[in-house]
Amino acid sequence: MSCGSPRFGDRSGVLPSPAMRALAVVTALLLLAGAARADTIDANIRQLKESSYKVRLAAVLALSRSHDPRAVIALADALASPLLKDDEPTIRRAAALALGKMIDARTADDARELGFEALADAAINDADVKVRATALRAEQDLAGLRRKKKDPVSEPRTDSHSDKPGVFVNVDGATDQSKVAPSDAGERLARIVKKTVERTGYATTWPGPLPTQTELASSHSRAFIVASTVKKIEVSKVSHLTQISCKVEIRVAPWSGVDGGEKWEANKAASASGSAKATTGNSDREIAGGVRDCLEAVAEDVTTRQILPFLKRLATPGNGT
């Protein structure tokens, strides 16, 4: 999630809040950039948002020829995302057909799972009978892939460095560029990102102090850094409610240890940004809670849908860092 300047379309969802705050998550214009230039996949994904039926259908057909995780995620959204699926049954059916052909053992795990989930949902819940039938056939055709591929990070190491992880992700502390985030926001964001990364099986802790470049090399460990930045927080009170908007950026890059730092190279480093809006009460406590909900929801969504597929492709053996 490999191309010079991956770009992702809008992602939307609604998450409940323990304090009953209304939180609408809309991660918009997610950008993963290894180089400054946009590519064809970027353009096709943007065309999925066009008002013209012909343009959107052409975009689906163009994306269907790719195995890029970005294309898989975009078509999964067009097929079955609660707020992003296409209104035209023909386009949803084309997306289901495309997913059935695109997804294979090489597809990044997270993108593959999102594709499977979209097909399963459409096979049961789509309003159009042809879309349901097409999604079901695609889901059945791909059934053998769902649990077939082993996750390389979960396989035990057999060399003399078995106490060191084969892939290590250094989740750095979050930075608050907005200057108005709650004091604990940075720590909470880093914790959310860390837990999301750990669900893939990647190690986010290293035995002892953080490793040096020499230690990583001697342990044959591939290392990456993932770090969050709070880019914007806006709070406005309207009558008895408060509206909150926030923007979070997360970057990922190969990491050379505490003495080597990040390595920003085309196709091997990326950043993704997402935004959200929340509505809450007017008390200081409710506002602080709404800001935390906003930031954490964006961080989890961006990490899950954008950072992890890109990271998994980097960490796959054969993609040297």
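Visitor: Which residues form the positive surface patch in this predicted model?

Guide: In this predicted model, the positive surface patch is made up of Lys231, Lys232, Lys247 and Lys277. A residue can join such a patch only with over 30% relative accessible area and no salt bridge, and Lys232, with a relative accessible area of 35%, is partly exposed.

Visitor: Where is the place of Lys232?

Guide: Lys232 belongs to strand S7, which covers residues 222-238, and the protein has nine helices and nine strands.

Visitor: Where does Ser239 lie, and is Ser239 buried or exposed?

Guide: Ser239 is found in the loop between S7 and strand S8, the latter spanning 241-254, and its relative accessibility of 65% means that Ser239 counts as exposed.

Visitor: And what is the place of Lys179?

Guide: Lys179 sits in the loop that runs between strand S6 (175-176) and helix H7 (185-198), and Lys179 counts as exposed because its relative accessibility is 69%.

Visitor: How many residues does the protein have, and what percentage count as buried?

Guide: The protein has 321 residues, of which 48% count as buried, where buried means under 20% relative accessible area. The protein exposes about 15,100 Å², and carbon and sulfur atoms supply 52% of that area.

Conventions. Residues are numbered from 1 along each chain as its sequence is written. This is a predicted model: local features need pLDDT of at least 70, side-chain atom pairs count only at pLDDT 80 or more; totals for chains, interfaces and linings use all residues. Side-chain values use heavy atoms; hydrogens and water are left out. Patches are made of residues with over 30% relative accessible area and no salt bridge: like charges are joined within 9 Å, nonpolar side chains (Val, Leu, Ile, Met, Phe, Trp, Tyr) within 5 Å. Accessible areas come from the Shrake-Rupley method with a 1.4 Å probe; for residues, only the protein chains shown count as cover. A salt bridge is a side-chain nitrogen of Lys or Arg within 4 Å of a carboxyl oxygen of Asp or Glu. Lys and Arg count as positive and Asp and Glu as negative; His and the chain ends are not counted. The place of a charge is taken as NZ of Lys, CZ of Arg, CG of Asp or CD of Glu. Helices (H or I, at least four residues) and strands (E, at least two) are DSSP runs, numbered from the N terminus. Buried means under 20% relative accessible area, exposed over 50%, partly exposed in between (1.4 Å probe, protein chains only).
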